[in-house]
Each structure stands twice: as C-alpha cells, then as structure tokens.
Amino acid sequence: MGKPTGSILLLCLISVTNANLAPVISNVVERVCEEIDLGAQAFTISATDPENDKLNYAITPPSNFFEANADTGVVTVKRLLDRDASDSSLRLTLFVSDGRNDVTQTITVLLGDANDNAPIFDPSTYDVNVLENTTIGTPLFSVLASDLDSTSILTYSIQEVIPKEGKDLFTIVPGTGEVGLAGSLNYNALSTFYRLRILVTDGGGGCGKEEVAKSGAALAYITVVDVPNLAPVFLRVPYTARVEENSPVGKSVLTVTAIDQDTGINDDITYSIEPSTADDLFSISSTSGVISVLANIDRELVGDSVILTVKATEVKQDVNGLYANTTTTVDITIDDFNDNRPEFWRCAGAGEEPSCELQSIFTGEIVEHSLGSVIIAMTVKDADTNSKIALSLDGADKAVFSVEPKSVTSQSAVQLNVVEPQNLDFEKKQQMILQVIAIDEENDSLRSTATVTVRIQDANDNRPEFPQDTYKINVAEHTPDGTIIKTIVAADPDTMDQGKLNYTLLPESILKYFGVDLSNGSVYVKDGTLLDREGRSLYSATLQARDTDGKPGSTVLEITLTDINDQAPIFNRESYQDFLPEGGQVNIKIEATDGDDPDTANSQIVYTIDPSKYSNNFTIDPNTGVLRNKIKLDRETIDPTLDGKIELNVTATDKGIPALSSTVTVTINVQDVNDNAPQFNASSYKFSVNEGEKGVYVGSVEAHDLDQTSDFNRITFSITEGSFGSFAIRTSPETHGFIGKISVDQGIELDYESERKSFKLRVEAEDLDQKTAFVMVDVEVLDVNDERPEFQPTTPVAVKENTTSTDPIGKFTAHDKDANNSLIYALESLKCRCNGTEWKPCDWFTLEPTGDIIVNPEETVDYELCDQAVMTAQVVDQFTEKGENNSVTPGEIVINIEDINDNVPEFILSNSVFVVVSESASAGTSVAAVTAEDRDSGKNSEIKFKVPLVQFQDTNSQIMGMPTLFEAVTTQQNNIYIGIIQSMDKLDAKLNGKYLVTVTATDGVHSTSTVLDIFTVDESFRIELRFASSKSQVLEDKDGIVLALTIATKAAVRVVSIEAATPEASVETVMELYFIYPNGTALSSETVGKKISEPEYLLTLSNLGLISIGTVPGEPEKPQTLRYILLGMVAGLVIVLTVLTTSLICTRRNYRRKLKAAKAMNTAELVASVNQKSGPMVPGTNKYTMEGANPVLNLHIDTAMDEQSSDVDKISLNSLDYSDDMGKDTSPIMNKIQEEDEDQGPPEYIEPLGAALAQRGRKTDPGSSPLAYSNPALSLTSDL
C-alpha cells in the first residue's frame, strides 16, 4: 500500500512543478510623439508574472524605430520618427519570457503629430482678372494651402495689398481662403492692378516641444478689367458759332468732339442732333462731328440764335445692354440780312412779352369833342436788325389826327392823337377811317399800310321826358300789395341813358300807399289795407325820372279808389250739435247773415258742406241751410276713436266778387245699439304641441265684436267639443278684440304614442247678450326629438395620389330615428400612415358638413410619403330637443392612397472606378454597374436599363462617337435595381482613354440618364512573363501565379494569354497579362519588375517557374540576370533547408511538435473567425492556439498584422486545401513563416513546418504541389 501512495505523491509533485504560468502583457495601445528624441523613453512594456519570476523583454522581430531594454522593459527610440512620411500608427510585437514561458502581444503605437511642417500654398501664385463692376461681396477666387501636420487648423489672411490704397478693397474668409470683393473697383479712378500677399497660418499645437505657429505666403495678382459703364463726354465745351442767314446748304459751322470715358475700351462715337429749338436747319456728321447747314436759314423765323442738342453715342452696348450716350448744347448765332418790310401787329397783354398777332385793320374809340390819344393797340415791327421805319397818315380824316412816333428803330408802339376835337361830333359822324403807312428808310420799296377805324362815342346832353303831363288812374279799394296799377315810361335820346333812368314818387307822404319801380316806372299798391274808399277815395302824386347824370323829368298822377265786396257772412251760432241712435234721421237748420248791401249780390248767401270723411253721408239745402242724412247711420261704420261723433263743417258764401265765406261746425252724436254678434278673425286654426309637457301653451284664437261700446262688444271663449278634458282656454282683452289662449290642462300630459295624436276643438265666442260664434281648432301632438344619431357602416375608399379633383371621394352616412332631424358632420381627426408604420396627423383631406370627403386643395396627396389615411368624424343632430345631440361612437373611414407613376428613377451615386482591358474584353464581359431606385411602388417602380449612346474620349480630351459597344442587363436586389454594363463585342485594344457610356433608367413613363466613365488599358501596358514550365503546368499553376502577383503588386491581374514561347519549346511558356490599380491606373513592366523583385515575392514566383519579365513587344528582355539571381537564391535556400533539417532532427522536442501540428491541421477549419481574432490557432503561422502557444514551434513569430490581414490569412490557409480559391478577387495572401532562435539569430525555415504543410497537402489534394508560400503582409506591416 505504501509504494503506490508514494508514486501518486511523486506524480502530483511533478505536476505542480510543471504548472508554471505564463506572464501577462497588459500593453495594448501606446502613444508616442513624433518629435521624441533619439534614445528617449517611448513607453514601458508592462507585464506581470503570477510566480513573480524574472522577466526578459524584447520586441520581435526587431523594429526599425524602437528597442526594448531586456531587463526593465523600457522601450526607447533608436531612429527618428516622422508621422508625416509614414502611417500614423505602427504595429509592434512585444515579447516577454519568464524563462519557461514565452508570451507575445501585438500592440499599436499611435504616433502623435507635432507641428513640424509649415503650410504650403498650391499654387504659390494666383492670377485673376476682375471686372471693375463686380458687385461688392462677390467671391473672386480661392487660395488653397496644405499642411502635412494633421493637427493644423489653417487660417488665411491678407498681409499686404499693393498699392496700399487698395487695402480695404479685398477680404478673405479665414477658414476657407475665399477672397472676396469688399469695395468698389474703378478702372479709371483707381488702380488697374493689385498685388495681394496672402498669409496662411497653421495655428501651432500638436504634441511637439514648442507650440509655435508656422505660416506660408502666396502672391495674388488681380488685374482690373475695364467694362463699358461710363457715358461718353464732350471736349472743349461749351460750343458757340455764328452763321449768316441764307447761307448755302452744306456750309460747315462747327465741329464737336466726344470721347469714351472707359479708357480701357475707348469705344467709337457716333453723333446725332436731338430735337432742338429749330429742327431740320443743321446736320451733323455721325463720325466726324462736323455741323453743317442743312436748309435755308431765315433769321426772322428762327430768331437770333439756334440752340442745338447734340448727342454722342457709343457704338457698342454697355454693361446694361444699352448704348451709352451724352448730350451737349451748341449755341449758333444767326447774323441778320435786310430783306424784310415793316409790318403792323396787334399786341395785347401786359409784361415784357405781350401777345402779338400780324394785323392790317385796327379800331379805336374816343368821346366826341374830347382831346387825347386813340388807343388802337398797334405796334410796327421790322424783322431786320436795327432797321429805320418812317410813319405817316393818309385818308379823308387824316387832318383830325396825328401819328406818333414819326420815326421808329426796329419796332415801336403806335398811337393816334386828336388835333381837331371840334370835328368829333357824334350827331354828325359816328366813325372816321384813315391809313397808317410804314416805310423802310433804307429801302422805300419795303413798306406796309394799316387801316384804322375810329369810333366816336356819344356824350350825355339831354333830359328825360314823359309822354303826358297828367295821368288819371282808378284802383279798387284794398287792392293787394304789389298790384301794378300803371306803368309810365319816360324817354331820353342819349345813348348812355337808354334803359338806365331812375323813377321816384313825390311827395314822400304818398309812399305809404303807393310805390314805383326805380328802373321801369311801374306804379304799384304798397299797402292795400290802407286803401279804404269809405275813408278816402282820391290820391294825387308826382312821378319823376332822372338820367345817369341826374337830369330830372316829371308828370302828375290822379288815383281814384273804387268799391269792392269786403263783408263776409256771419252764422247765428258758434256751433251746432244733435244726438240720435244709430239708424235715426238728422234735421238741422243752419242760418247766417251778410253785412253787405242787401240789394246786391254781395249779400246773397249759399250753404255748402265742406268735404270730409263722412260728408258724403249728408246733404244741405243751399238756400235754406237745412242739414239731413242721405243714408242710414251705423255706429259700427264710424271710427271707434271718434266715440260715435261725426263733425261736419258747413260754409256760408256770398255771391260778391271776390266771394266771401264763413264756416261753422256741426256735431252729430250717433249712439250705439247691440246689433252685432262676435266674429273670429280666422275661419279655422291649426296648432301643434310637444308631447309630455303639462300646462304648455298651445295657441291662441282671436275674435271681435263690431259693436263699439264695452257693454255690447265684450267676448268670452269656451271649448264646447273635442277637448276630452285635455285642454283649457283663457280669455283676455286685446287692442282690437279678445284673445283666447289655449293650453294643455295642468293635470294632463299628452302622449304621442297614445291613440290620439290630434284633437279637433270647437271653440265658441259669446257676448253679453249671448250672441255667439264658433270656430274649429286642430291640435296636433308632436313627437319630441330625443334620439341620438348613429353612423352607418363604411367601406374603405381609394384615391390616387396627386389628384386635384374637387369631387367627393367618399361619404359618411348616419341615421336618426327621429323624423325631424338635421345631421351635420364634423371632423374629429385625420391621421396618415407614413413610412409603412408611423401614424401622424395630416391635412390631406377635409370633411364637408354634408359628410362628403374631398381632397384638400391646399395639400398634395403623395403616396411616397403616406399610403393610407384614417378619418374620424362626429355627427350632430341640430334639431335635438332632449338629451345628447351627437353619436355615441364616432365614424371612421379608411382612405387608401393609390400610387401613380409620378417619380423619376434616381441613380444611386457610387465612387467606383470602372476599368476595362480592351484586349481581354469580349462579348458579355461585365465592365461596370449602375444602381437606381424609383420611389413609386409596384409596376410603377420597375426599372429597365439601356445604353443609348457610347462615346470615346482620348487622352487629349477629344470625344468621338462610337457604335453601341455596350449593353445593360437589368437585375434586382430588394428595391434596388442594378444595371450590369456588358460589352457586346471585342473592344479596340489600341484605344487609350475612356468610354463615355450613357446609361438610361426608365420606369415605362419617366426616364433619367447618367454617364459612366470606363477607363481603358491599352496594349502598351501588356506585360510578358516567361516561365520555365510547360504550358499545361502554367495553366495548372495559373491561380497560384495570379495570387502571388496580386500580393506582390497590390493590383488586379488580368491574364490575356498563355502560350508556349516557341512552337519547338515544350518547357518554356509565355504569359501575357495586365496589372491594374482600382483607380484605373495600369502598371508598366518596370514597376511590376521592381515590386516582384523583392526577395519574399521573387522566391514564391521562382518556385512557380518565373524566369523573366518584359513588355510585349519592344522592351528588351533580361532573362539571364534574373535567372542567375533565381538560381543563386535557390542554392542558398537549399543550404538553409539542409541546416535546418539537421538541427530539427537533432531536437527531440521539435519532433513531438511536428506530430501535434499534423493533428492540429485537421481541426483548424473548425475554429470560428471570431476566435481567430481573439487568439492564434493555425500551426505553422503567426496564429496561435487558445492556450497562447504555437503547437509546432516555440519561436518568436512576427504577428504584426492588422485586422484585414487576419481575414486574409484565413483565406490563405484555405488556399492550402483548395488551389482553385487562389484566383478569387479576395486576393488571399500566402503564409510566410519568419522564425528566430531564442538568441535572436537570423531567420531560418524549419523543416518540421514544411513537413506539416506537405502532410496537409497530401491529405487534401494528393495532386497538389508541396510548395511553401510566403506571407508578405507580415514583413510589410512590422515596421515602417
């Protein structure tokens, strides 16, 4: 029992001893400033060991920029960093070992940017032409500077402007470098050239030692371009000239000159004459500006001078599209020539320039026997300058007058003076005619004559005279005031007194009885009440007339008064009155007397009844005055307000002329008797009453009694039949009768649902003498509106988007059980479903009060925004009398919005660059792709692509038409349509440039187009690779070759052909192909040669048989040199492999790891990509298992790869199993194993790894070649 126990204990001790845990590295990301000094500490490797073992630190593989202290883990800088010349981050693999366990950790070192670069302008100078009329605030140009430092914030400013006067004319946006115009330019008034020194500053900052801002400068040269914005200007103004009248046509007078103020343009000028003080007299040369005589000039017509308005116009339009012009005046003086005769003018008006007209006949007036001058408004003029005129008189009466002045210079007013006033006698001669003669003293043949008629005015030298010395006049007494009794007119032969005599009555005492019209001599009664023949029957007066000078004339008037009828009849009583019952007889005698002479007609009396409302019911004897009634008197026919009284006016009139009369009032009182029964105002009545209301008022009946007294016309109402105890009536008086108010009995409640829905009431009216009348009253019981309306079920309605129809698209309907209803619909809410699920309020539809749903004319229904709407409405009964008037639940209608084809297909922008290798493209080759979508739905969104136009643009930007070399094949992914652009035929390999392919997307109604740029790679970039293998072997290795070339060049590889080098050669093959970057750039053979000459790539390709590279054709081949290099490298490889094999065979531990590798290979594919990122797993590579150890080699492996490299490595691993995958576009990268001894010796390739790969290759594909591929990504990303 003891022996086994000891064995178990020993086993446990061994187990504990071997359980030494590995150190843990905590570094992930470190930040280092690029300006750090050589040897300075960059960071420290932070690692911990659970057993606190001494740790050894290193960076593996060694970095070009950093080195680690093996004892402290302090990482220092061994080479200056420059972030601007490389990537902004570095990948380092940190190595930590506790002596038993080795741990590596790949970290990222972020390089901090220091401000160590000054900004640089590109370009460094700018030349700009700016129009002088450029608007203030207009951007002129933009400067652009760049700074390699990522932290730089560039700020632009204008440091200097030359000339300095222009410093305020320009401004620059500090953040964008956009230079704008801040002030107005002027080509003529300011400088025509400006030089701007523009400064850019980076603002400093960054991680450097000093935060000093750096700057750069650029020069901008701005040339101001003159624009035609100024009008021309005349030189040597003002312009004056002289020309003699009657000068010959064409004579030059003056030359005007104008120039264009826009000196930078200096446009040609044309001249013209604008409307002036005298038109058509002068002309001007449109080109030279010479003014010449155009027509005969008459100074007497045009005046002493002519002012011409001359316009100068530029030939070309200015900036406003107008022809700029200016005007000036030219003052031309006209010199006189004596060629006019003197003429007479009639002038009127005051002032310096009275109104004058040419005249030969003049008139004037003068009072007889008076001295002085005769005003004739005559002026004599001679149009010639400074002419002398002699004036004289002629005619039969020339001795009576003289003319003044006798001599005149140019012009003067002319007047006649009286020299013989005794010959001016109006009674002998009323007018005199004479002639005024004007003679030009320099040329007596130039003369004129004017005729003057002088009218002689009369003087007042006579008295007024009446036709008779005495007039006898008879006037009736009490003649009305103003009555003309006689018109007496005096005569005066003087003309000025005609119709102007004034009349008066004398003596003054007569004026209270009579008066006279001052102007016409009419004598009239002034106060007729004073003319009483019984008091005075005769009056005497003197009528006097005076002329305008006050000279008098008179005559005598004898006035006799005659008798008239002036006494009116007088009644014996002041009034008459009589009483009688209605139906009685009137018999009243009316008496009157007259104070006039009884033997004359003035005292005879006639009786009449004055017309009135009731006068036709009576008659009176005109001689005796007896009054009687013509018809039976009825109290009811008399106005009730008169209380039975009839008043008549009886007039007594005498037979005198004029007749006089008097009036007396006769009152007849007609007493009432009960002779009328009550009467209803209507033949029947009809009322309605709501059910269920006690004591409610139903309606009223009205009746009246024609008897006028209350004793006989009082009425009482009662319901005699049809009430069934349900109604009551109450009587009350009204203004014109009585009213019976019918109401429901206070204890009765009518029920519409009972058998009696209506009543026929017999209502009786009775007066105090029990005289009666009846009427029928219909009462209808009404149903009360107390039911709420209800919505009827609705069905969804549909409307097309963008509709503008005003017709209803749907309708709400509701039902109300009450017969008397009025339903009104009101909108509660309207919500639209947008984006498929989101409901939100909208205004696309409105609800009419009738329930009709219409499209809101102010909104646009858009299916692409919302495809459905739900309208909720409420209905209200306006006639509801009891309870709620709206529906219990609101109504709802679903409105489905239907799509129409109203959207144009839209291309989806892409940054892809399309390249085609013309030589390898054949019919059906996909060269590009476009994507488009249509916002419509269903059939309306289906898109078809086509290629309507193909053009080619060569490297000189020349565009030529091409046949349709491409076609579009339409495919669909979800709602996105893809147009695959394929070649329809083989392309011309000699063309160098790009195809401009117009692609059209159409949905059947709308279409849109875009132009694709498809770059071509011409045959000059075709490269030839020679392989020391047969054609069949090269075809078999084609995918591996393409993969290796892709890794080396980072470009897409397009194989054109694989052929034997010569018909006789069986072991040498030529592969022709192109190398193309994604931006369309092709690689030359020289560039490709440099890239694949790197040792790590060249070894792989040499293993695939590559022996030379060249162009096809022309470029000289270099097969021998390359071959020797390859042979040397192969020999070195053999030696290295031999050493490694011997070393591994001698190492037992490595042998066991080789066995593990074979097993791990079988399970490598089972691990997910996520796990691959979290821990290495693939044996023989830089990927490790989850335990963190390489199961094959315990070596320091460079794992500095980015995330993309990890994915590529997965594909690279798969490529070991399937060689077909090596031709895919994913560009898998071969694995390269860079191993190091623990003493950091040179890298060697280990035999067990090759054996493991060979074993895996035999397992997956017995026919595959056991080649070892290298991974270039490992060395490319390990350092800068």
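Me: What is the S to S distance in the disulfide of Cys347 and Cys356?
Reply: This is a predicted model, and the distance is computed from its atoms. Cys347 is joined to Cys356 by a disulfide. The S to S distance is 1.9 Å.

Me: Is Cys347 buried or exposed?
Reply: Buried means under 20% relative accessible area. Cys347 has a relative accessibility of 16%, so this residue counts as buried. The class of Cys347 is buried.

Me: Which hand does the disulfide of Cys834 and Cys866 have?
Reply: The sulfur atoms of this pair lie 1.8 Å apart. The torsion about the S-S bond is about 70 degrees, so the disulfide of Cys834 and Cys866 is right-handed.

Me: How many residues apart in sequence are the parts that Cys834 and Cys866 tie together?
Reply: Cys834 is in strand E66, while Cys866 is in strand E70 (residues 866–877). Cys834 is buried at 2% relative accessible area, and Cys866 is buried at 5%. The parts tied together are 32 residues apart.

Me: Which strands stand at the edges of the open sheet of four strands?
Reply: The order is E46-E53-E52-E49, with mixed pairing. An edge strand here has a single partner strand, so one side is left without a neighbour in the sheet. The edge strands are E46 (575–581) and E49 (605–609).

Me: What is the bridge partner of Ser575 in E53?
Reply: E46 and E53 (residues 661–671) run parallel and are joined by seven bridges. In E53, the partner of Ser575 is Thr665.

Technical notes. Residues numbered from 1 in each chain as written. Predicted model: local features only at pLDDT ≥ 70, side-chain atom pairs only at ≥ 80, totals over all residues. Heavy atoms only, no water. Pairing = 2+ DSSP bridges. Helix = DSSP H or I, 4+ residues; strand = E, 2+ residues; numbered from the N terminus. Disulfide = S-S within 2.5 Å. Buried < 20%, exposed > 50% of the residue type's maximum accessible area, 1.4 Å probe, protein only.
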